[in-house]
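Biologist: Hi! Could you walk me through this structure?

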Amino acid sequence: MGYVSVEDRRAHQKAWRASHPDYNRTKCRAWYAKHRAKSVAAIVMWQKNNRERVNAKNRAWAKKNADKKSAAGRAYYEATKAEHQAKSSAWKRANADRVRAYSHNRKAKKLGVGGRYSQVEWLEVVARQQGLCANPYCRKACDLTQDHIVPFALGGMNCIENIQGLCGPCNYSKSDTPMGEWLIRYARNRRLTSA
Ligand SMILES: [Zn+2]
């Protein structure tokens, strides 16, 4: 089939495409399916090399679709909230000492108290105490919790030398009392309750 001119041919092609709307789409899809891995790799590579353009486009989309985006985010958050919270509390329960060390290190930094201890150093303390509460009147074998022998409030540091392992109830009872003072009180209470 011959064409009179380039314009003529373009017009003809345009008309043909208009009357076969699915042809190109189908062809594109088939090609894409066949070359999917390559296409995706090419897209990823392009995005990597055009990070700024991609970010700008994403920002523009997010701005234009703020409602849609936050609604979708909220819906996802709401739908998975319970699951995330359950997972997070289970992890915190199973890693109570890590959570406590994190909070000690954070608090020390915030208060400008010197020292910082690691999980390894803490586990060495537990091993040295053979997993028993450091209170000589208690000596319970349990999951020990970190206690500052001299509390921050009384000038104690957050270094491992000032850390001992107490059982939960002992740690709660001692709170911000220095170890010596607390032991005297503990022994006295003990005599009173056992008398
Ligand atoms: Zn104890």
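Modeller: Happy to; here is a short tour of this predicted model.

Biologist: Great! How many helices and strands are in the chain?

Modeller: The chain has nine helices and two strands. Along the sequence the order is α-α-α-α-α-α-α-β-β-α-α. The radius of gyration is 34 Å, well over the 16 Å that the globule rule gives for 195 residues, so the chain is more spread out than a compact globule.

Biologist: What box do the C-alpha atoms fill?

Modeller: Along the principal axes, the box is roughly 115 × 35 × 35 Å. Buried residues make up 11% of the 195 residues.

Biologist: And which domains does the domain assignment give?

Modeller: Domain 1 covers 23–89 and domain 2 covers 95–194. The C-alpha centres of these two domains lie 48 Å apart.

Biologist: How many of the 14 residues in helix 4 are buried?

Modeller: The count is zero, so to speak: helix 4 is hardly covered. Take A56, which is found in helix 4. A56 is exposed because 11 other C-beta atoms lie within 10 Å, and the cut-off for exposed is 12 or fewer.

Biologist: How far is A56 from R29?

Modeller: Their C-alpha atoms are separated by 28 Å, and the two residues are 27 residues apart along the chain.

Biologist: Switching to the strands: in which sense do strand 1 and strand 2 pair, parallel or antiparallel?

Modeller: Strand 1 (residues 145–148) and strand 2 pair in the antiparallel sense, over four bridges. As one example of a bridge, T145 has L166 in strand 2 as its partner.

Biologist: Which way do the residues of strand 2 point?

Modeller: In strand 2 (residues 163–166), I163 and G165 point one way, while Q164 and L166 point the other way. In a regular strand the side chains alternate between the two faces of the sheet. As for burial, I163, Q164, G165 and L166 are all buried.

Biologist: L166 again! Which residues make up the largest nonpolar core?

Modeller: L166 is one of six residues there, together with C133, A134, L144, C167 and C170. As background, in soluble globular proteins, nonpolar side chains tend to be buried together.

Biologist: What does L144 touch, leaving out residues up to four places away in sequence?

Modeller: L144 touches V126, Q129, G131, C133, G165, L166 and C167.

Biologist: Last topic, backbone angles. What is phi of Q130?

Modeller: Phi of Q130 is near 55 degrees, a positive value in a residue other than glycine. Q130 is found in the loop between helix 7 (119–128) and strand 1. R139 is in the loop between helix 7 and strand 1 too, and R139 has a positive phi of about 55 degrees although it is not a glycine.

Notes: Residues numbered from 1 in each chain as written. Predicted model: local features only at pLDDT ≥ 70, side-chain atom pairs only at ≥ 80, totals over all residues. Buried ≥ 20, exposed ≤ 12 C-beta atoms within 10 Å, placed from the backbone. Pairing = 2+ DSSP bridges. Core = buried A, V, L, I, M, F, W, Y, C linked by C-beta atoms within 7 Å. Contact = placed C-beta atoms within 7 Å. Domains from an automatic or database assignment. Rg over C-alpha atoms; globule rule 2.2 N^0.38 Å.
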